[in-house]
Amino acid sequence: MRKNIVAGNWKMNNDLAQTESLLTALKNQRTTSNAEVMVAPTYTNLFQAYQTLKMSNIEVVAQNMHFAENGAYTGEISASMLKSIGINTVILGHSERREYFNETDELLAKKVDAALAKGMRVIFCFGEELADRKSGNEETIVGNQIKNALFHLDAAAFQNIVLAYEPVWAIGTGETASPEQAQDMHAFIRKTLADKYGNDVADEVSILYGGSVKPANAEEIFSKPDVDGGLIGGAALNAEDFFAIVNAF
Ligand SMILES: O=C[C@H](O)COP(=O)(O)O
């Protein structure tokens, strides 16, 4: 069954002491939400976060990984390394990885394959830029990002894929897609999946929205039928705000 998920992407924020303080605050939050909750600290804090949260209902996930098993890739981390410290989910394809680290659909397809081959779950991100939306090309861009990186997979693989639609113009800008814009795109994404794999697959895939989700707007965005949760940046750095968003479910 399709799940509601709220994932906090901490990006390149928080040193160890700040991370420990945020982890403590997260452990003290109480929720009746039916959403799965995840947080993605930086690499240096992943193991600490895993150790702190492993008995909680919050899953610790990674922000990125390399496609190779090991080898001469200075500065990189493999799926096996993540698995070895208890991490079973990885965010791939975030627009910041695409923009600042030149990650292409082709590279991302390899990363997705590597993660799935290790039995990991992938939160696969994509989304159009402002110019694409202004020119009315957002569905073409998003459709191609999904097809290029994921449509070589078989239907069963989608049991371990979560999609995260993040319009680049709404990330960290304070500008959100309206709930209607989010719903329209999520419906398009689900139809794109259904056209290739059928409704049985499309209906089971969770599609998250990301881009300036805050306590004040989460409930309305999450109320849309094809929005199954959120990938939260800035607001995930504060435990109360993050759980206010979790509690929107
Ligand atoms: O990964 C999270 C997204 O990039 C959203 O970030 P934001 O909530 O700060 O806009």
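Visitor: Where is His94 found?
Guide: His94 is found in the loop between β4 (89–92) and α4 (95–100). Helices (H or I, at least four residues) and strands (E, at least two) are DSSP runs, numbered from the N terminus.

Visitor: What am I looking at, and how are residues numbered?
Guide: This is a predicted model, where local features need pLDDT of at least 70, side-chain atom pairs count only at pLDDT 80 or more, and totals for chains, interfaces and linings use all residues. Residues are numbered from 1 along each chain as its sequence is written.

Visitor: Is His94 buried or exposed?
Guide: Buried, because His94 has 27 C-beta neighbours inside 10 Å. The cut-offs: buried means 20 or more other C-beta atoms within 10 Å of the residue's own, exposed means 12 or fewer, and partly exposed is in between, with C-beta atoms placed from the backbone.

Visitor: Which residues does UniProt mark as "active site"?
Guide: The UniProt record, an unreviewed entry, places that feature at His94 and Glu166. They span 73 residues in sequence, yet no two of their C-alpha atoms are more than 8.3 Å apart, so they gather at one spot. UniProt positions follow the numbering used here, feature names are shortened, and annotations may be inferred rather than shown by experiment.

Visitor: OK, Glu166 then. Where does Glu166 lie?
Guide: In the loop between β6 (161–165) and α8 (179–197). Glu166 counts as buried, because it has 26 C-beta neighbours inside 10 Å.

Visitor: What does Glu166 touch?
Guide: Leaving out residues up to four places away in sequence, Glu166 touches Ser95, Cys125, Gly127, Ile171, Gly210, Gly211 and Leu231. Contact means that the two C-beta atoms, placed from the backbone, lie within 7 Å.

Visitor: Switching to the sheet. What is the strand order?
Guide: It is an open sheet of eight strands, β3-β2-β1-β8-β7-β6-β5-β4, with parallel pairing. Two strands pair if DSSP finds at least two bridges between them. The edge strands, β3 (58–60) and β4, each pair on one side only. The twist averages 25° from one strand to the next.

Visitor: Which helix packs on the sheet, touching β5 and β6?
Guide: That is α7 (residues 138–150), and its direction makes about 145° with that of β5 (121–126). Axes are lines fitted to C-alpha atoms, for helices over the stretch in contact, and angles run from 0 to 180 degrees between N-to-C directions.

Visitor: How many bridges join β1 to β8?
Guide: Four, with β1 (residues 5–9) and β8 running parallel. Ile5 has Gly229 as its bridge partner in β8.

Visitor: And how many bridges between β7 and β8?
Guide: Two, with β7 (residues 207–210) and β8 (residues 229–232) paired in the parallel sense. Gly210 has Leu231 as its bridge partner in β8.

Visitor: Are the faces of β8 covered or open?
Guide: Both are covered. Gly229 and Leu231 are buried on one side, Gly230 and Ile232 on the other.

Visitor: Last one. Where is Val37?
Guide: Val37 sits in strand β2 (residues 36–40). Val37 is buried, with 24 other C-beta atoms within 10 Å. Not counting residues up to four places away in sequence, Val37 touches Val6, Asn57, Ile58 and Val246.
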